[in-house]
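Thanks for coming. I'll keep this short, so please look at the screen.

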Amino acid sequence: MRFRHSPQVWSDFPELVCGVLHASGITPTVDVSPRLARYADAAQARLAGGPEGGFPEIQAWRRAFAGMGLPPTRYRCAAESLLRRFRRDGALPRLHPLVDLGNALSLGYAVPVAVLDVDRIAGDLAVRPATGEETYLTLGSGADERPEAGEVVFADSAGRAHSRRWTHRQSGWSAVRDDTTEVLVVIEALHDGATETVPRMLTDLSSALADLWRAPTRTAVLTAGAPVFAVAPAAAG
C-alpha cells in the first residue's frame, strides 16, 4: 500500500506540509489520560486568548476551503471542529486510546490528524479530487454518501472515500476499532510554520506509541518532490 497526494493537490496547495506515520501492534487497553491532559491544557491556554477561528492554523484551512468553493464556516477542518467542541464542552469524548491521542494532538496543535485502520483500506490511498463515483460511509449513522466530482477526498484503489471535503470528516469505514492493530496517521497543515509544527507532531506521536504501546513506527514528511509513503506490511515492523 502507498499513500500520496495527487499532483493537482500539490499544485493547488504548494504550502501543504504532510506528515505520515505507520504503526503496528495497536491495542485498545492503553491508558493515554496523562498525554491527553497535556494537549488539552495547551488548547485551553490558546483559547483563553480568543476563539479558534483566529488561530493561524485554522485560518489557513479556512482559506483553503474557501478556495475549493466550500463555505469555511459551514465546512470546517476537523481540527477546528474539535476546538469548537472543546471550547463548548471543556472536554472531548473518549473513543479509543489511539483515536483519543490523535484528537488530543490535533487539539493541542490546531492541525488536522487522521487515524486510519490500514486493514480497511483497499490498495493504495490518495488525496485527490473525487470522480463522483466514490462511496463514503458516514461516522455514527453509517449512511452511504457519494462525494461530489472534484471534491478532495482520501480515496483508495477500490473507489472508497475515506474522507469528505479533504480534512472535514473521516469515514466510518476505516475508523479505528477495538480490533484494529495497524494504523496510518496523516497530519496535514497549511499555515506558516507548518514545516516546524508537523515534524514536532510526528515526534510527539512516535514517542507516545513507543512509550505506551511499544509499537514500531515509521514516519515521513511528504513534499511535492517526494510525495509517496510506502506502508510496509505489519509483519515487517
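This is a predicted model: local features need pLDDT of at least 70, side-chain atom pairs count only at pLDDT 80 or more; totals for chains, interfaces and linings use all residues.

Start with helix 2, residues 33-47, and helix 4, residues 78-89. Their axes come within 11 Å and cross at roughly 80 degrees. Angles from 65 to 115 degrees count as roughly perpendicular, so helix 2 is roughly perpendicular to helix 4. On the helix 2 side, the contact is made by Ala40, Ala43, Gln44 and Leu47. Helix 4 contributes Leu83, Phe86 and Arg87. Sorted by class, that contact has 5 nonpolar residues, 1 polar and 1 charged.

Now helix 2 again, this time against helix 6. Here the axes are 11 Å apart and the packing angle is about 160 degrees. Over 145 degrees counts as roughly antiparallel, and that is why helix 2 is described as roughly antiparallel to helix 6. The crossing is right-handed. Arg35, Arg38 and Tyr39 of helix 2 meet Asp204, Ser207, Ala208, Asp211 and Leu212 of helix 6. By class, this contact has 4 charged residues, 3 nonpolar and 1 polar.

Is threonine 197 buried or exposed? Its relative accessibility is 8%, and the limit for buried is under 20%, so threonine 197 counts as buried. What does threonine 197 touch, leaving aside neighbours within four places in sequence? The contacts are Tyr109, Val111 and His191. With histidine 191 there is also a polar contact, side chain to side chain, at 3.4 Å.

That's what I have; questions are welcome.

Key
Residues are numbered from 1 along each chain as its sequence is written. Side-chain values use heavy atoms; hydrogens and water are left out. Axes are lines fitted to C-alpha atoms, for helices over the stretch in contact, and angles run from 0 to 180 degrees between N-to-C directions. Helices (H or I, at least four residues) and strands (E, at least two) are DSSP runs, numbered from the N terminus. Angles under 35 degrees count as roughly parallel, over 145 as roughly antiparallel, 65 to 115 as roughly perpendicular and the rest as oblique. Contact means heavy atoms within 4.5 Å. Ala, Val, Leu, Ile, Met, Phe, Trp, Tyr, Cys and Pro count as nonpolar, Asp, Glu, Lys and Arg as charged, and the others, Gly among them, as polar. Buried means under 20% relative accessible area, exposed over 50%, partly exposed in between (1.4 Å probe, protein chains only). A polar contact is a pair of N or O atoms within 3.5 Å; within protein, one must be able to donate a hydrogen and the other to accept it, and residues adjacent in sequence count only if both atoms are side-chain atoms. A crossing is left-handed if the near helix is turned anticlockwise from the far one by less than a right angle, and right-handed if clockwise.
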